[in-house]
Amino acid sequence: MEKKAIHFGGGNIGRGFVAEFLHTAGYEVVFVDVMDNIISALQNTKSYQVTEVSDEGETTKTITNYRAINSKTNESDVINEISTASIVTCAVGPNILKFIAPVIAKGIDARTDATPLAVVACENAIGATDTLHQFIKDNTAQDRVGSLPDRARFANSAIDRIVPAQAPDSGLNVRIEKFYEWAVESTPFGEFGHPEIPAIHWVSHLEPYIERKLFTVNTGHATAAYYGYHLGKKTIAEALKDTYIRGIVRDVLQETASLIVDKHEISAAEQQEYVETIITRISNPYLEDTVERVGRAPMRKVSRKERFIGPAAQLAERGGKFQSLLGSFEMALRFQNVEGDEESVELAKVLKENSPADAAIRLTGLDREHSLFPHVVKVVDDVQSDTKEAGQPRI
Ligand SMILES: NC(=O)c1ccc[n+]([C@@H]2O[C@H](COP(=O)([O-])OP(=O)(O)OC[C@H]3O[C@@H](n4cnc5c(N)ncnc54)[C@H](O)[C@@H]3O)[C@@H](O)[C@H]2O)c1
Ligand SMILES: O=P(O)(O)OC[C@@H](O)[C@@H](O)[C@H](O)[C@H](O)CO
């Protein structure tokens, strides 16, 4: 029987990465989304194209064998599909996991197959599948939680491929970079074994992979985005052409490299090579990745386990340097009231309505006792003072 994958989120990484590799692995892919235009486009086409762009030219792959369901209007269909699928993946954004959990919980509960469903969240966040798992438990009847592992296994993942916002006339087609990495925990599958998906690098211990990725690719990317935004750059490639911003990105990645090398079994030389690869990747002029996309959702990005405060807190605990990371954090706080970005509006409100210490706690989730805390409060205070001087008084 053909293997079936249910994928939540028919957006950029959903169509351009997860679905591509599930398709290549021989799965029928059922997209689940809440956007009518994406669902109807997927329902009304038999294929779309994924084009890898690099200085070596372009390579196009055609993706077929998919269906699509709108979970807003057809929840029971989604439940039925999950009850007979092999794998559920998602790429909806870390803040959306709580909204997709109820329907996944119902689908899992309806399963009778002897092999548990594989659940893999493909989000840029540490422990995203664990987060989803907890929401699914919260949405499962108390007397069914104990037997949940008989019906589903949950594996964290680290996912890496730059998929910029697509041109408005591109339809379902996606232009992406050639590079990709998809590391997933193998241990949760136990005696059942992990699904056969050639693109996945199965690992027993994910932390080094997800920390190295988030604290190099995403820390560097977001640094370029926030400095770039304030210096009037349109794209990440344009920001990195600026020697000042490029130098700052290098300084920041030197700080995170010291943590990665200190904490994980990764040598300084290997990390340096990784950093160079990442700087080349994010400088890719063919991607036309905007500073607004990469800077999106600044409140998520300045939170406790995320790309700036996550490594800075760990470096502070270890006596390491974190000044450049604080510089990126500061620029993230200045990413306020950006058109189309609700969190940037909320960020401005939080900074306006709270004292420096309260805003620091609310935004970063750091304890007052943490050694990084006073440094973070100072940055918040500076940003608030500048905003006040600019004529927008804070309370
Ligand atoms: N774009 C990249 O370069 C990239 C790379 C690696 C990881 N990621 C991660 O992948 C995730 C998605 O990013 P993206 O760039 O594809 O964003 P995107 O906005 O292009 O796609 C998100 C999709 O999720 C859908 N969605 C929202 N709420 C939903 C719900 N309740 N049920 C089902 N679908 C819902 C949206 O309609 C949209 O189609 C994020 O966590 C991001 O960090 C992105
Ligand atoms: O998706 P976000 O908002 O967490 O971060 C924006 C980009 O840095 C991100 O999407 C990268 O393109 C991606 O993580 C590359 O693998």
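This note comments on a predicted model of a protein chain with two ligands, point by point.

1. Basis of the model. Residues are numbered from 1 along each chain as its sequence is written, while chains are lettered from A and ligands numbered from 1 in the order in which they are written. Because the model is predicted, local features need pLDDT of at least 70, side-chain atom pairs count only at pLDDT 80 or more, and totals for chains, interfaces and linings use all residues; side-chain values use heavy atoms, with hydrogens and water left out.

2. Confidence. The average pLDDT (the predictor's confidence in each residue, from 0 to 100) is 96 for the chain, and 98% of the residues score at least 70. The model has an ipTM of 0.98 and a pTM of 0.95.

3. Surroundings of ligand 1. The shell holds 25 residues, the closest being Asn12, Ile13, Asp33, Glu123 and Val163; a residue is counted as near if one of its heavy atoms lies within 4 Å of the molecule. By class, 14 are nonpolar, six polar and five charged. Here nonpolar covers Ala, Val, Leu, Ile, Met, Phe, Trp, Tyr, Cys and Pro, charged covers Asp, Glu, Lys and Arg, and the others, Gly among them, are polar. Helix H1 (12–24) and strand S2 (28–33) each supply at least two residues of this shell. Helices (H or I, at least four residues) and strands (E, at least two) are DSSP runs, numbered from the N terminus.

4. Contacts of ligand 1. Polar contacts are pairs of N or O atoms within 3.5 Å; within protein, one must be able to donate a hydrogen and the other to accept it, and residues adjacent in sequence count only if both atoms are side-chain atoms. For Arg296, the distance from a polar side-chain atom to an oxygen of ligand 1 is 3.2 Å. On its own, ligand 1 has 830 Å² of accessible area, of which the protein covers 85%. Such areas come from the Shrake-Rupley method with a 1.4 Å probe; for residues, only the protein chains shown count as cover.

5. Ligand 2. Around ligand 2 there are 14 residues, and Asn124, Asp160, Lys213, Arg293 and Lys301 come nearest. They divide into three nonpolar, three polar and eight charged. Oxygen atoms of ligand 2 lie 2.7 Å from a side-chain N or O atom of Asn124, 2.8 Å from a polar side-chain atom of Arg307 and 2.9 Å from one of Asn218. The protein covers 94% of the 400 Å² of accessible area that ligand 2 has on its own. Strand S9 (157–160) and helices H8 (207–230), H12 (291–295) and H13 (298–301) give two or more residues each to the shell; H8 gives the most, with three.

6. Strands S3 (residues 48–54) and S4 (residues 57–63) run antiparallel and are joined by seven bridges; strands pair if DSSP finds at least two bridges between them. A hairpin of two residues connects S3 to S4, and Val50 stands opposite Lys61 in S4. Lys61 also forms a salt bridge with Glu20, with the closest N and O atoms 2.9 Å apart. This pair links distant parts of the chain, helix H1 and strand S4, 41 residues apart. A salt bridge is a side-chain nitrogen of Lys or Arg within 4 Å of a carboxyl oxygen of Asp or Glu, and by this rule the count comes to 30.
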